[in-house]
Every structure is written in C-alpha cells, then in structure tokens.
Amino acid sequence: VQLQASGGGLVQAGGSLRLSCAASGRTVSINAMGWYRQAPGKQRELVALIISGGSTYYAESVKGRFTISRDIAKNMVLLQMNSLKPEDTAVYYCNAERPESSGSVSYYWGQGTLVTVSS
C-alpha cells in the first residue's frame with residue numbers, strides 16, 4: 001500500500017486547511033485510515049482515525065475542530081481542520097492499517113505534509 005498525502009501549508013491561527021491522502025496498491029481489506037502528527041521535539045501522536053464501518057476517533061485536542069472522512073471508492077481519507085491553533089503545527093502523516101490472515105496488522109505511512117499555523 002502506498003499513501004500520498006497533500007494539503008499542508010501555512011495558515012494563520014483560526015484558519016482552515018484540508019489534508020488529503022490517496023491510497024494505492026493493495027488497498028483491499030484496509031481496515032482503518034487515519035492521521036498522525038509529530039511536532040518538533042515531540043512524539044508522533046494520533047490525531048484522528050476512521051474505521052471501515054465509519055466509526056471515528058479524535059484526539060481530545062482536536063475534537064470539535066477537525067473532521068475525518070473517507071471516500072472508500074476513491075481510496076482516500078480527508079482531514080478537514082478548522083479553527084487551527086499554533087499548537088497544531090506539525091508534520092501530519094497519513095496512516096492505513098490492514099489486518100493480515102496471519103492475525104497480525106500491517107501499518108502503512110505516507111510521506112508527511114507540513115502544517116504551520118502562525119499566531
């Protein structure tokens with residue numbers, strides 16, 4: 001599975017950005033897709049996740065501001081980010097999870113896209 005993320009950039013606090021991630025390759029049986037982020041000097045953290053049935057999970061820090069959605073037909077996952085704050089500044093990574101017949105789970109990562117929020 002290959003993931004291609006796009007949509008990062010520079011925005012002022014209070015503004016909006018939309019991140020897109022397109023999956024290609026062996027996308028059959030992808031169970032979940034999501035977005036992680038890593039700020040300078042910090043560990044990578046889960047931002048939002050959407051599972052194949054449509055259930056979503058959001059980090060507490062982004063609830064009410066970010067919305068994750070998935071276009072299964074296009075193998076894409078989107079992250080709409082509103083009311084951005086300087087603390088949202090980070091490199092955002094697209095992620096996909098696929099359960100394997102062995103019982104393990106394979107994780108795939110996109111290349112990362114930088115989001116910078118100025119105050």
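Modeller: A disulfide, meaning a pair of cysteine sulfur atoms within 2.5 Å, joins Cys21 to Cys94, with 2.0 Å from S to S. Cys21 belongs to strand E3 (residues 17-24) and Cys94 to strand E9, so the link ties together parts that are 73 residues apart in sequence. The torsion about the S-S bond is -85°, which makes the link of Cys21 and Cys94 left-handed. Cys21 and Cys94 are both buried, where buried means under 20% relative accessible area, exposed means over 50%, and partly exposed lies in between, with a 1.4 Å probe and protein chains only. By the distance rule above, the count is one disulfide. Strands here are DSSP runs of E of at least two residues, numbered from the N terminus.

Some conventions apply throughout. This is a predicted model, in which local features need pLDDT of at least 70 and side-chain atom pairs count only at pLDDT 80 or more, while totals for chains, interfaces and linings use all residues. Residues are numbered from 1 along each chain as its sequence is written, and side-chain values use heavy atoms, with hydrogens and water left out.

Next come the charged contacts. A salt bridge is a side-chain nitrogen of Lys or Arg within 4 Å of a carboxyl oxygen of Asp or Glu. The whole structure has five salt bridges. Arg37 takes part in a network of them that also links Glu45, Arg65 and Asp88. Between Asp88 and Arg37 the closest N and O atoms are 2.9 Å apart. This pair links distant parts of the chain, since Asp88 is in the loop between E8 and strand E9 (90-99) and Arg37 is in strand E4 (residues 32-38), 51 residues apart. Asp88 and Arg37 are both buried. Between Glu45 and Arg37 the closest N and O atoms are 2.7 Å apart. Arg37 has a relative accessible area of 6% and is therefore buried, whereas Glu45 has 34% and is therefore partly exposed.

Another salt bridge pairs Glu100 with Arg98, the closest N and O atoms being 3.0 Å apart. Arg98 is at 4% relative accessibility, so Arg98 counts as buried; Glu100 is at 23%, so Glu100 counts as partly exposed.

Tyr36 is in strand E4 and Trp109 in strand E10 (residues 105-109), 73 residues apart, and the pair links distant parts of the chain. Tyr36 is buried at 17% relative accessibility, while Trp109 is partly exposed at 38%.

Trp109 has a further neighbour. Arg44 lies over the face of Trp109, at 4.6 Å from the ring centre, and over the face of Tyr93, at 3.8 Å from the ring centre. The criterion is NZ of Lys or CZ of Arg within 6 Å of the ring centre and within 35 degrees of the ring normal.

Terms used. Helices (H or I, at least four residues) and strands (E, at least two) are DSSP runs, numbered from the N terminus.
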